[in-house]
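Subject: Structure for your review

Dear colleague,

Please find below the structure that I am handing over to you, together with its sequence. I would be grateful if you could read the notes that follow it with the model open.

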Amino acid sequence: MKGTAAASPVRPSAIQLLTPEGERVEHPDHQVDLTPEELRGLHRDMVLTRRFDTEATTLQRQGELGLWAPLLGQEAAQIGSGRAVRDDDYVVPSYREHGVAWCRGVDPTNLLAMFRGVNNGGWDPAGNNFHLYTLVIGSQSLHATGYAMGLAKDGADAAVLAYFGDGASSQGDVNEAFTFSAVYNAPVVFFCQNNQWAISAPTEKQTRVPLYQRAQGFGFPGVRVDGNDVLACLAVTRWALERARNGEGPTLIEAFTYRMGAHTTSDDPTRYRADGERAEWEAKDPILRLRTYLEKEGLADEEYFTSLEAESEELARRVRKAVRSMPLPAPTAMFDHVYADGHALVDEERAQFAAYRASFADEEA
């Protein structure tokens with residue numbers, strides 16, 4: 001009827017096992033049965049990950065890192081999914097999966113070395129089955145799909161978990177990965193952390209339908225999970241990985257969460273987001289949610305929380321010390337591994353660069 005405003009799109013419900021008030025709820029298809037120790041372990045993972053992330057942001061502001069991509073608010077999505085992975089599974093991150101790296105046993109200081117510019121990623125991907133960070137938006141989804149196709153050809157009983165954000169879902173690489181994974185029934189799980197902002201572009205400027213529904217067009221299931229509910233993220237990712245290992249093909253998980261901080265430390269979210277939006281999501285804080293449940297159920301006492309606080313501060317001290325004592329690479333080191341067996345042109349460029357640097361010493365003399 002003329003003059004009637006268009007109805008707002010209805011936000012689909014997400015799979016949830018723990019409400020923002022810290023109450024356990026049931027879901028007919030997804031459940032987890034965890035011991036008190038396992039529940040405290042998930043809480044500890046999130047607390048330590050957040051403290052590390054906060055320290056990294058501070059170090060960047062102090063000039064110790066060139067850049068940092070904070071994960072503030074996304075701890076449940078990362079820890080829940082990260083703890084669903086088996087040792088023989090392979091994880092392909094983007095550049096913000098610091099919590100997943102923690103779950104895979106990657107030393108946090110290795111993450112910081114890359115952002116400090118002293119190496120190109122200081123861990124062996126084969127050592128933790130955790131790939132190097134990928135800064136090219138969306139390309140890692142293709143890498144993950146190819147690796148998963150290789151696992152299938154080898155007959156391996158393992159799966160691949162690939163991470164990307166809502167912004168990357170608009171990239172051609174991600175859509176090509178969806179096509180290949182579906183056609184070849186690859187054992188891969190696509191985990192999209194929808195933090196609702198691709199830098200300054202909101203999700204509604206990228207898609208007319210919820211992101212998880214895109215999977216239907218490629219012929220595999222998609223589900224939306226409460227990305228601030230660590231239990232739901234754990235349950236749904238376990239389910240999807242098991243599907244993949246059983247030969248049932250790919251799954252798209254959309255973890256509906258919120259980036260409470262900046263996209264990176266070079267971004268100012270106050271220029272494009274309202275303060276009230278963040279306040280709304282602070283009430284859904286993933287760490288507070290699980291802590292409330294632990295306290296209500298008598299599964300953690302004050303001694304536990306005090307001890308965890310001390311552990312988190314010790315982690316921050318270790319990180320600060322490690323970053324400030326990292327040796328700087330030789331200026332010519334950037335030429336060392338361009339080719340595995342060397343290359344005449346690279347050798348020539350190295351010599352030219354060395355001569356250029358030496359010219360400054362001559363001028364000073």
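This is a predicted model: local features need pLDDT of at least 70, side-chain atom pairs count only at pLDDT 80 or more; totals for chains, interfaces and linings use all residues.

Helix packing

Helix α1, which spans residues 36–61, packs against helix α9, residues 230–245. The angle between the two is about 105°, and their axes are 11 Å apart. Since angles from 65 to 115 degrees count as roughly perpendicular, α1 and α9 are therefore described as roughly perpendicular to each other. On the α1 side the contact is made by L39, L42 and M46, and on the α9 side by V230, L231 and L234. By class, this contact of α1 with α9 has six nonpolar residues, with no polar and no charged ones.

Helix α1 also holds T49. With a relative accessibility of 3%, T49 counts as buried. Leaving aside residues up to four places away in sequence, T49 touches L71, I79, H98, G99 and W102.

Aromatic pairs

A search of the whole structure finds 21 aromatic pairs. One of them is formed by F52 and W68, which are arranged edge-to-face, with 5.7 Å from centre to centre and 90° between the planes. This pair links distant parts of the chain: F52 belongs to helix α1, while W68 is in the loop between α1 and α2 (75–82), 16 residues apart. F52 counts as buried at 4% relative accessibility, and W68 counts as buried at 0%.

Another pair, Y90 with Y147, is stacked, with the centres 4.2 Å apart and 15° between the planes. Here too distant parts of the chain are linked, as Y90 is in strand β1 (residues 90–92) and Y147 in helix α6 (residues 139–154), 57 residues apart. Y90 is buried, with a relative accessible area of 7%, whereas Y147 is partly exposed, with 38%.

F52 and W68 also belong to one aromatic cluster, together with F115, W123, F130 and Y133.

R273 is placed in the loop between β7 (251–256) and α10 (275–282). Its relative accessibility is 9%, and buried means under 20%; R273 therefore counts as buried. Not counting residues up to four places away in sequence, R273 touches W197, Y258, R259, M260 and G261. Two of these contacts may be described at the level of atoms. A polar atom of the R273 side chain lies 2.7 Å from the backbone oxygen of R259. The side chain of R273 also reaches the backbone oxygen of G261, at 3.2 Å. By contrast, the C-alpha atoms of R273 and G219, which are 54 residues apart along the chain, are separated by 35 Å.

Positive phi angles

Two further residues deserve a note on their backbone. N129 has a positive phi of about 50° although it is not a glycine. N129 is found in the loop between α5 (125–128) and α6, and at 16% relative accessibility N129 counts as buried. I199, likewise not a glycine, has a positive phi of about 55°. I199 lies in the loop between β4 (197–198) and β5 (201–202). At 40% relative accessibility, I199 counts as partly exposed.

With kind regards

Note on methods
Residues are numbered from 1 along each chain as its sequence is written. Side-chain values use heavy atoms; hydrogens and water are left out. Axes are lines fitted to C-alpha atoms, for helices over the stretch in contact, and angles run from 0 to 180 degrees between N-to-C directions. Helices (H or I, at least four residues) and strands (E, at least two) are DSSP runs, numbered from the N terminus. Angles under 35 degrees count as roughly parallel, over 145 as roughly antiparallel, 65 to 115 as roughly perpendicular and the rest as oblique. Contact means heavy atoms within 4.5 Å. Ala, Val, Leu, Ile, Met, Phe, Trp, Tyr, Cys and Pro count as nonpolar, Asp, Glu, Lys and Arg as charged, and the others, Gly among them, as polar. Buried means under 20% relative accessible area, exposed over 50%, partly exposed in between (1.4 Å probe, protein chains only). A polar contact is a pair of N or O atoms within 3.5 Å; within protein, one must be able to donate a hydrogen and the other to accept it, and residues adjacent in sequence count only if both atoms are side-chain atoms. Rings of Phe, Tyr and Trp (its six-membered ring) pair if their centres lie within 6.5 Å; planes under 30 degrees apart count as stacked, over 60 as edge-to-face and the rest as tilted.
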